[in-house]
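This briefing covers a ligand site and a helix pair. Please look over the model before reading on.

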Amino acid sequence: MDLQLKNKTAFITGSTAGIGYATARTLANEGASIILNGRTAESVAKAVQKFQEEFPNSTVSGFATDFSKSNEVEELLSKLPEIDILINNVGIYSSGSFFKTADEDWYCQFEINVMSGVRLSKRILPKMLSKDWGRILFVSSECATLVPVDMIPYSMTKAALHAVSRGLAQLTKSSGVTVNTIVPGSTLSEGAERFLENAAEKEGKTKAEVEEAFFTEVRTSSLLQRFAKVEEVANTITYLCSPLSAATNGSAIKVEGGSTGGIL
Ligand SMILES: NC(=O)c1ccc[n+]([C@@H]2O[C@H](COP(=O)([O-])OP(=O)(O)OC[C@H]3O[C@@H](n4cnc5c(N)ncnc54)[C@H](OP(=O)(O)O)[C@@H]3O)[C@@H](O)[C@H]2O)c1
């Protein structure tokens, strides 16, 4: 299937690693030009170089912007070229007691997870509407509906994204622009891999044993009963970036291995 993404430019936030980098790879495979993002000039330069080695015929560049720093976001907004596809992927989380979580932690997760996409969309959506084509994707999480008790602030930010995304989709009525939300579940990004390795070391188990215990004891609702691969999430994101997905707008598409339940 040709996803018709040649000559499209995609900006993916938080894309030097994980789901973001995997999405850059699948989009580049379809011929899209890629703009990567991470917090530091070093990490972005490294990711751009790695990407160029992997896709020598692709067009790739990068922006070092830390979405917790509003001055850096302002600078990014003033420099971004024309974007056809915006993937609001950046997201951080912390795990801990609700009673011990400081206000700053709530605000920090909100700033990075929600306001990054709000600010970028405010700048980019009007341009997409004026040229009558564009794709905006928000990367949510199964936590938006599962709300693990140790991740209430993170879950709040992900639930908020659904409202922002749906609201923006309503602004695209009768245009060629779509805005959708993707809902991954536990996914084996570098971060998740580190979590498994640390837990294995701490508990004197293998990584496979920790993964199995996570699904039999914690994420029991998962039908997949394993971590999704970053590529499995990236493939769905890439389809939603395609002109072929024009009839999907204002939707939340699950790639969570069935963990959130329900028939919709
Ligand atoms: N992995 C999962 O199990 C899972 C499940 C559900 C939803 N999600 C969501 O999927 C998205 C991607 O998750 P992931 O696990 O792939 O992420 P990850 O591996 O933790 O992502 C790391 C990426 O985010 C960048 N980053 C971190 N903080 C940043 C900041 N303040 N400003 C700019 N970039 C920043 C890092 O860049 P540098 O290190 O280069 O600075 C790196 O490119 C997130 O929104 C996450 O909430 C993940």
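How do the residues of the shell around the ligand divide into nonpolar, polar and charged? They divide into nine nonpolar, 16 polar and three charged, where Ala, Val, Leu, Ile, Met, Phe, Trp, Tyr, Cys and Pro count as nonpolar, Asp, Glu, Lys and Arg as charged, and the others, Gly among them, as polar. The model is predicted: local features need pLDDT of at least 70, side-chain atom pairs count only at pLDDT 80 or more, and totals for chains, interfaces and linings use all residues. Residues are numbered from 1 along each chain as its sequence is written, and side-chain values use heavy atoms, with hydrogens and water left out.

**Ligand shell**
- The ligand is surrounded by 28 residues (a heavy atom within 4 Å), and Thr16, Arg39, Ser43, Asn89 and Tyr154 are the closest.
- At least two shell residues come from each of H1, strand S2 (33-38) and helix H6 (152-170).

**Polar contacts (N or O pairs within 3.5 Å)**
- The side chain of Ser43 has an N or O atom 2.6 Å from an oxygen atom of the ligand.
- For Lys158, a polar side-chain atom is 2.8 Å from a ligand oxygen atom.
- Thr187 places a backbone N or O atom 2.8 Å from an oxygen atom of the ligand.
- Of the 900 Å² of accessible area (Shrake-Rupley, 1.4 Å probe) that the ligand has on its own, the protein covers 85%.

**Helix pair**
- Helices H1 (residues 18-29) and H2 (residues 41-54), DSSP runs of H or I with at least four residues, pack at about 30 degrees with axes 12 Å apart.
- Tyr21, Ala24, Arg25 and Ala28 of H1 meet Ala47, Lys50, Phe51 and Glu54 of H2, contact being heavy atoms within 4.5 Å.
- Five nonpolar, no polar and three charged residues make up this contact.

Conventions:
Axes are lines fitted to C-alpha atoms, for helices over the stretch in contact, and angles run from 0 to 180 degrees between N-to-C directions. A polar contact is a pair of N or O atoms within 3.5 Å; within protein, one must be able to donate a hydrogen and the other to accept it, and residues adjacent in sequence count only if both atoms are side-chain atoms.
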